[in-house]
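The following exercises concern a single protein chain.

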Amino acid sequence: MAAVTEEQQNSPMRKSSDQLKEKVSHRNGGVPGDLGEQEDYGLSGVMEKEQSDILKSSRNVCELLEKIREETEALEKQVVNVCSSGPPKVAAALSAAVEVRCSLDELLQREQRISNRLQQHLQGTKQWMEDLGQTCNHVDFIERSMKYLKCLHHIEELSAAVQQSLMINSVWDAIKGVENMAALDCGLNQSQCSHLCDFLWKTLCFWHNIIKDRLTSDFEKVLAQLQWPIITPNQSVTTPANYQELSSQLEGLLLQLLALQTSDDLISQRVSASTQGAPPGSSSTLSPAAPSLCLPIQIMLQPLSKRFRYHFYGNRQTNSIHKPEWYLTQVLKWMENSATFMEEKIQPVFDRSGQTVSAKVVLCQGLVCLVQEKVASDASRMLYDDGLFCHLVEEVLQFEKDLRSHHSYPAMLPALLHILLDDAFLQKWLAVERKMAVEKMDAMLSAEGAWTSQYKDISDMDELKAPECAETFMTLLQVITERYRALPSPAAQLRFFGLQKELVDDFRIRLTQVMKEESRCPLGVRYCAILNAVNYISTILRDWGDNVFFLQLQQAAVSLGQQEVLGSLEMTEVGRLASLEGSLFDGLLSLLDRLKGDMLGRMLHFLMRDTAEKAQPYCQERWLSIPPPQDQSAMSLSSSACPMMLCVRDRLLNLHQVLSVSLFQLAWQGLAEKLDNFIYQEVILSNHFSDGGAAQLQFDMTRNLFPLFGHYCRRPENFFKHVKEACIILCLKVGSAILLKDLLKRSEQEATDFEDPSPESALNELGVFCLAPCDVLILLNLKALLPGI
């Protein structure tokens with residue numbers, strides 16, 4: 001029906017009908033609806049629209065009725081044609097749908113018949129499939145049994161071949177047979193034949209141990225004749241008569257033991273895997289994992305291991321928990337005494353066999369394993385004794401240093417420090433460091449000479465004038481750095497660095513407390529010593545910030561995201577650390593610089609207050625009554641300025657003696673700045689000057705005050721710019737002063753001629769660069785005998 005409806009909508013009659021509907025709708029002023037409704041609505045609309053015309057003229061009624069009748073007949077014809085053309089197409093569509101439905105039913109019936117036949121066929125072949133499956137399983141079982149028997153027969157053949165080789169003393173063939181067994185064991189690693197694997201494993205271990213015991217016995221006899229082990233450095237080593245024969249036997253046994261290494265490693269790995277489930281507290285859990293040592297070195301280590309356990313375990317006097325240096329030193333001596341033997345007798349055979357390892361290093365590695373087990377055992381017993389634990393850490397660090405530097409022990413191989421990285425040991429180490437550092441800080445601050453410099457009598461070494469407590473504290477931090485520098489873990493190093501930051505902040509707080517007690521006398525020796533201490537610590541920390549070790553720690557802190565070290569830094573600050581623009585000490589340096597600035601400010605305030613008191617007579621000098629220079633025989637310093645000058649001189653000398661070079665430079669420059677402002681405000685701007693007064697002021701400043709600071713710089717007048725330029729203005733001759741005043745006033749009134757120089761250029765020609773034109777006008781008004789303009 002949808003198809004018919006679409007066709008009707010697209011037919012010409014439908015289009016004309018639609019046009020008619022639109023026309024009638026247009027006449028009626030509405031939207032077309034159904035066809036019948038459109039016709040009625042169109043008639044009523046036409047009647048309503050043309051009613052007024054009918055009322056005007058009755059002659060149009062007949063024409064209007066005729067026109068309506070014709071339109072109605074046309075519409076009826078279109079409706080009849082549409083109704084008569086629709087049903088045949090609908091019938092054709094329904095017929096096609098019926099045919100499709102019949103075809104579908106036929107296909108469904110055919111599918112059902114085929115499905116039934118398939119089920120019948122499967123039922124008939126089910127028994128055949130079961131019989132065939134049983135036959136295949138039986139064949140598979142027989143095949144696996146044959147393979148099992150062949151493998152078992154192969155193992156027996158290998159075992160018989162090894163036995164035959166040992167009976168005829170063909171050790172190389174026996175070793176080859178054992179290697180084949182080891183390869184077969186690796187191939188059966190994933191097999192579920194547990195009995196077969198167990199039989200192979202036991203056979204392999206049996207023949208391996210027999211060959212190993214025989215070679216070990218022969219190897220030990222040869223080593224004994226070559227006087228191994230070498231215990232003491234002065235041990236007399238005599239060359240035996242059959243040295244060449246022994247060397248040949250040694251080389252042959254070494255090569256055979258190295259060839260047996262494959263099966264020995266396999267057995268060692270299997271044994272270590274079976275002991276991983278050892279109960280906590282056993283020796284296997286306390287000692288680090290034993291490295292893979294080659295078989296000859298294991299045999300050579302046995303007599304040394306027996307001696308080590310005999311002397312440093314049990315109830316022997318040499319086994320003292322208070323003396324870890326005994327066994328650590330003994331092991332280092334064994335390494336040193338054995339080095340020549342390993343390099344001359346063992347290493348050449350290793351090289352000829354294609355071994356890429358150093359015989360001396362492997363022996364050291366085995367000896368280190370003995371020490372590792374002992375250190376781990378002793379350290380767990382020292383956790384509750386700070387003195388013993390601290391002594392053990394010191395000895396372990398020294399052992400590590402000697403091992404790496406004197407015996408060329410590779411950095412990639414662990415020694416003893418990784419034992420101290422255990423969380424319990426590391427926490428104890430940090431706690432001991434913190435406790436001892438705090439105790440030392442208390443002692444150094446309360447010492448008699450805490451605030452005096454130990455280099456005070458040596459001028460070349462006393463530039464920083466650091467008090468003894470500050471130097472001792474920084475030495476303490478340096479010692480802590482040297483202790484944890486060798487740790488193989490950056491995370492552990494950063495924990496010690498965090499401890500150092502805490503100690504620096506604690507020491508800063510202590511200095512602040514002492515400073516507050518001495519703040520009543522900021523020029524005292526102890527107050528200046530505290531200031532020197534703060535400056536010394538900040539200087540050393542800035543140097544450390546550029547040190548390679550601390551830069552590496554900085555990178556590690558950023559990469560690991562250590563919040564204990566980084567603190568609550570913003571992303572931009574962390575980015576500056578990553579790009580090495582800042583340092584890890586920036587936070588501490590800002591606090592120290594703030595403390596240094598506060599102390600310097602307090603000192604300068606006290607110094608300036610003392611100077612201002614001495615300068616009061618000078619401020620009240622009668623500058624207008626001083627005669628001109630030509631009326632005086634010789635100019636001399638004003639008597640009222642003597643107390644001020646003496647005060648400045650004495651204070652500068654005192655500060656130069658007690659402050660460091662950098663601090664004294666800041667102090668005298670700050671004093672010069674404050675003194676410049678004071679004289680300019682209280683002396684110059686508060687008085688009027690005659691020519692003699694201006695000349696006297698200039699003489700006092702340039703010949704007396706400025707030279708006091710000339711001992712510390714080349715041009716001290718540059719630090720008294722206001723006073724120097726004010727003296728220039730006040731000492732101008734009358735004509736020059738009148739012209740300058742006229743120029744400055746006209747420039748203020750913006751009536752300066754185009755050809756007149758600017759006020760700034762005129763002042764610059766006089767040497768005035770700091771004072772503004774308005775300040776110069778004020779100074780000119782202070783000049784007496786200058787007519788007003």
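Helices are DSSP runs of H or I with at least four residues, and strands are runs of E with at least two; both are numbered from the N terminus. The model examined here is predicted.

**Exercise 1.** Determine how many helices and strands the protein chain has.

Solution. Under these criteria, the protein chain contains 31 helices and 0 strands. As for burial, 40% of its 789 residues count as buried. Turning to contacts between residues at least 6 apart in sequence, 74% of them join residues at least 24 apart.

**Exercise 2.** Classify the ring pair of Trp544 and Phe585, and state where its two members lie.

Solution. The pair is one of 24 aromatic pairs in the structure. Step one is the geometry: the ring centres are 6.3 Å apart and the planes meet at 55°. Planes under 30 degrees apart count as stacked and those over 60 as edge-to-face, the rest being tilted; the angle of 55° therefore makes this pair tilted. Step two is the location: Trp544 belongs to helix H19 (residues 525–545), while Phe585 is in the loop between helix H22 (571–578) and helix H23 (586–614). The two residues are 41 residues apart, and the pair links distant parts of the chain. Step three is burial, for which the limit is under 20% relative accessible area. Trp544 has 12% relative accessibility and so counts as buried; Phe585, at 5%, is buried as well.

Finally, ring pairs join Trp544 and Phe585 into a cluster with Trp429, Tyr484, Phe496, Phe497, Phe549 and Phe550. Over the ring of Phe549 sits the charged end of Arg485, 4.6 Å from the ring centre.

**Exercise 3.** Describe the pair formed by Trp668 and Tyr712.

Solution. The centres of these rings lie 6.4 Å from each other with 35° between the planes, and the pair is tilted. Trp668 is in helix H26 (residues 661–684), whereas Tyr712 is in the loop between helix H27 (691–710) and helix H28 (721–730), so the pair ties together parts 44 residues apart in sequence. Trp668 counts as buried because its relative accessibility is 4%.

**Exercise 4.** Identify which residues line the second largest cavity.

Definitions and conventions. Residues are numbered from 1 along each chain as its sequence is written. This is a predicted model: local features need pLDDT of at least 70, side-chain atom pairs count only at pLDDT 80 or more; totals for chains, interfaces and linings use all residues. Side-chain values use heavy atoms; hydrogens and water are left out. Rings of Phe, Tyr and Trp (its six-membered ring) pair if their centres lie within 6.5 Å; planes under 30 degrees apart count as stacked, over 60 as edge-to-face and the rest as tilted. Buried means under 20% relative accessible area, exposed over 50%, partly exposed in between (1.4 Å probe, protein chains only). A charge sits over a ring if NZ of Lys or CZ of Arg is within 6 Å of the ring centre and within 35 degrees of the ring normal. Contact means heavy atoms within 4.5 Å. On a 1 Å grid over the protein atoms alone, a cavity is a set of points where a 1.4 Å probe fits but cannot get out, and a pocket is an open set with protein on both sides within 12 Å along at least five of seven lines; lining residues have an atom within 4 Å of a point.
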